[in-house]
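Ready for a few exercises on disulfides and pockets? Have a go at each task yourself before you read its solution.

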Amino acid sequence: MRLDDDGDRSNVEDQRGSRAGMGLKLGLGGTLALLALSVVLKQDLFALLGASPGGGGAAMPEAEVRERAAAESGLERTAVATFNDAQRAWAGAVRSYRPAKLVLFWDEIQSGCGGASAAMGPFYCPEDEKVYLDLGFYRELATRFGAPGAFAQAYVVAHEVGHHVQKLIGVAQKVREAQARDPEARNALSVRMELQADCLAGVWGRAARDRALLDPGDVEQGLAAAAAVGDDRIQRAATGRVNPESFTHGSSEERMRWFRRGLDSGDADACDTFAR
């Protein structure tokens, strides 16, 4: 991929090394009590309550932050360059486009949608219109999910920007209303929304290809990334079983197919997953 980082950080918030992330901080007594309850109840109450040990919330030492950030500078450049380019592309296609923000963090964060950990993977919060990304996910994508490469990383960011587009054009609100009316359809509607974000990521990918920003093999990297995060593949790896009724993002085949549709068409109108 030939997409260059132009150094624009106007829509990037770097919170790496900050301990201001999770809202509830616990002292030693609270930490031990919650740990004991977690053991008894066999549930991670720290995650459930959005809590983290330690009362001070002290930031990571600057030297450690610089060293850790330097080690992932290449990943950062890819993420920021993709984020900026995707936003510029959609700004020309969506009337009154309002830029999202990209928040880089480590381990845990307090978003407008509540506390979150890096284990959740990248996500978009419609409440504060920010994309949250722990760059360590890219290493997981390559090693655990078998989807290495810059364009695989770009797909991840472009997918989250796709969710921002969905909010701006009103799709996200309509889905939430439909889920409230029919709770039993919540997962199925979530899948359609995620597949549309895949397709919108493909639309951006087509725009990048038309500007000669892709190299041979990049499209295959993106398709591999889409397949890697399919619900069926993740469930099979985690439990050895697949339960389609519990899907929230779509199968590997569906995610590849809709990403490919966006790439082939370059047209957001081809991404109506709700018309199927």
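Let's start with a definition: a residue is called buried when its relative accessible area is under 20%, exposed when that area is over 50%, and partly exposed in between. Keep in mind that you're working with a predicted model.

**Exercise 1. Work out which parts of the chain the disulfide of C199 and C271 ties together, and give its handedness.**

Solution. 
- Step 1: Confirm the bond. C199 and C271 form a disulfide with an S to S distance of 2.1 Å.
- Step 2: Locate the ends. C199 is in helix 8 and C271 is in the segment after helix 11 (252-265), so the bond ties together parts 72 residues apart in sequence.
- Step 3: Read the angle. It is -70° about the S-S bond, and this link is left-handed.
- Step 4: Check burial. Both C199 and C271 are buried.
- Step 5: The structure holds two disulfides, and counting bonded cysteines along the chain gives the pattern 1-2, 3-4.

**Exercise 2. Describe the largest pocket: its volume, its lining and the helix that gives the most to that lining.**

Solution. 
- Step 1: Start with the idea. Rolling a probe the size of a water molecule over the atoms shows where empty space is left.
- Step 2: Note the volume, which is about 1200 Å³ for the largest pocket.
- Step 3: Go to the centre. The pocket is lined by 38 residues, and those closest to its centre are M120, P122, F123, E160 and H249.
- Step 4: Find the contributors. Elements that each supply at least two lining residues include strand 6 (114-117), strand 7 (123-125), helix 8 (186-210) and helix 10 (231-239). Helix 6 gives the most, with five residues.
- Step 5: Sort the lining by type. You get 18 nonpolar, eleven polar and nine charged residues.

Definitions and conventions: Residues numbered from 1 in each chain as written. Predicted model: local features only at pLDDT ≥ 70, side-chain atom pairs only at ≥ 80, totals over all residues. Heavy atoms only, no water. 1 Å grid on protein atoms, 1.4 Å probe; cavity = no way out; pocket = protein on both sides within 12 Å on 5 of 7 lines; lining within 4 Å. Points joined across faces, edges and corners; volume = space filled by probe spheres on them. Helix = DSSP H or I, 4+ residues; strand = E, 2+ residues; numbered from the N terminus. Nonpolar A, V, L, I, M, F, W, Y, C, P; charged D, E, K, R; others polar. Disulfide = S-S within 2.5 Å. Buried < 20%, exposed > 50% of the residue type's maximum accessible area, 1.4 Å probe, protein only.
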